[in-house]
Amino acid sequence: MTSICEDIAYKLSAYLDNELGEAEKNRVEAHLENCPSCRGSFRELKKSSDLVSARLSVQPSVDFDKAWQHIEPEIRRRPAIRRYLRAFIVKPGFWIPASAAATVGAAALFFALCLPVYKSQRPVSLSHVESVSSKSGSVMVLHTAKTSQPIIWIMEKSPKEKRP
Amino acid sequence: MAAPSEPSDNELIKSCLSGSQAHARRLYDRYKNYVARVIRNMENDPEAVQDLLQQTFIKAFSGLKSFKGDSGFKTWITTIAVNTAKNYRNKKTRRGRHPKVSIDHTGEENGAALELKDESANPQKQLLTKEMGTVIGAALDMLSEEHREVISLWNEGFSYDEIGAMTKTLPQTVGSRLHYARAQLQKILTPYIKGNKE
Ligand SMILES: [Zn+2]
């Protein structure tokens, strides 16, 4: 194998994909015409490439209707919050770091205390409440129609409860 | 591609944005097979494929507002699918649950032969024997994530430029990755090709 052959070998893949510029393409073709060894390499490359492509083109068996049953409710409303909660809570073995829990707890307390005052100034109309439960605790989300600002409660289960 | 009477992707997207679930379903039907294939070509586990397909479409529909339309919906959803599959694989590797490659089980379809579907970008009317399909599946599993990604997108007919744009790499890098991915696959497959065919 000459150094030209080495250079050509490196270009065969792009040549196969028709991704070479005109000049390079001509150079590869001219070499292939005169070099049986590179011609052989190209044939092998094409053969294995075709087989790989055949394998990659097989359609996987997926239950698309079942998948849609999961997709459809998620995209119907407030997808971002639900996805966030799911990622945060439903993972097995997940636990909320104490400091984060304390912060959220304080925030929840703040809302609880301030809500009546807030309410007296600007009435809050509740749109809906959602909740998600997991082994490590549960989360409740209150959506207010007025501000569209979700209020989130995170309730951790005690370590005893967590044991399965 | 859509028949003349079919609404275009952009028309469907517009009505999805105004809340049409029926048109969301039509967009899903249009791309589900394609997205499933791209994901499966990144990740073999059939259960994971179903789950990643769901995640991809949920992300795509939820982020439809941020879809600019300049690159086309197919390119856009491909990027989401590839990233979703990559994240999953990264997490799996970090948890140390990367599956050991086995020649007799690649989590694949059953049946004596895997018949090709015409809708792929590189349709070859040939029959892949089950054994060969399994060997190739295992060989693909041994590729690095980057190599698997380019091979998967190349198979869907994207150019080096397009793959580069989707994977945030230069077209030359795409070419070089494809070259090495093919070389590696060829090394594994050559004994089988020589032994089985001709
Ligand atoms: Zn040569």
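1. A quick definition to start: donors are N, O and S atoms within 2.8 Å of the metal (3.2 Å for Na, K and Ca), and sites may look incomplete because water is not among the atoms. Along the sequence, the residues that supply donors to the zinc ion follow the spacing C-x25-H-x3-C-x2-C.

2. Before going on, please note that this is a predicted model, in which local features need pLDDT of at least 70, side-chain atom pairs count only at pLDDT 80 or more, and totals for chains, interfaces and linings use all residues. Residues are numbered from 1 along each chain as its sequence is written, chains are lettered from A and ligands numbered from 1 in the order in which they are written, and side-chain values use heavy atoms, leaving out hydrogens and water.

3. Back to the zinc ion: A:Cys5 (SG), A:His31 (NE2), A:Cys35 (SG) and A:Cys38 (SG) are its protein donors, at 2.1 to 2.3 Å. The site is tetrahedral, with angles of 99 to 114 degrees among the 4 donor atoms; four donors count as tetrahedral if all angles lie between 85 and 135 degrees.

4. Two of these residues deserve a look for burial (buried means under 20% relative accessible area, with a 1.4 Å probe and protein chains only). A:His31 is buried at 15%, and A:Cys38 is buried at 1%.

5. Helix α5(B), residues 130–141, is mostly covered, with 10 of its 12 residues buried. Among them are B:Met132, B:Val135, B:Ile136 and B:Leu140.

Methods:
Four donors count as tetrahedral if all angles lie between 85 and 135 degrees; four count as square planar and six as octahedral if opposite donors are over 155 degrees apart and all others between 65 and 115; anything else is irregular. Buried means under 20% relative accessible area, exposed over 50%, partly exposed in between (1.4 Å probe, protein chains only). Helices (H or I, at least four residues) and strands (E, at least two) are DSSP runs, numbered from the N terminus.
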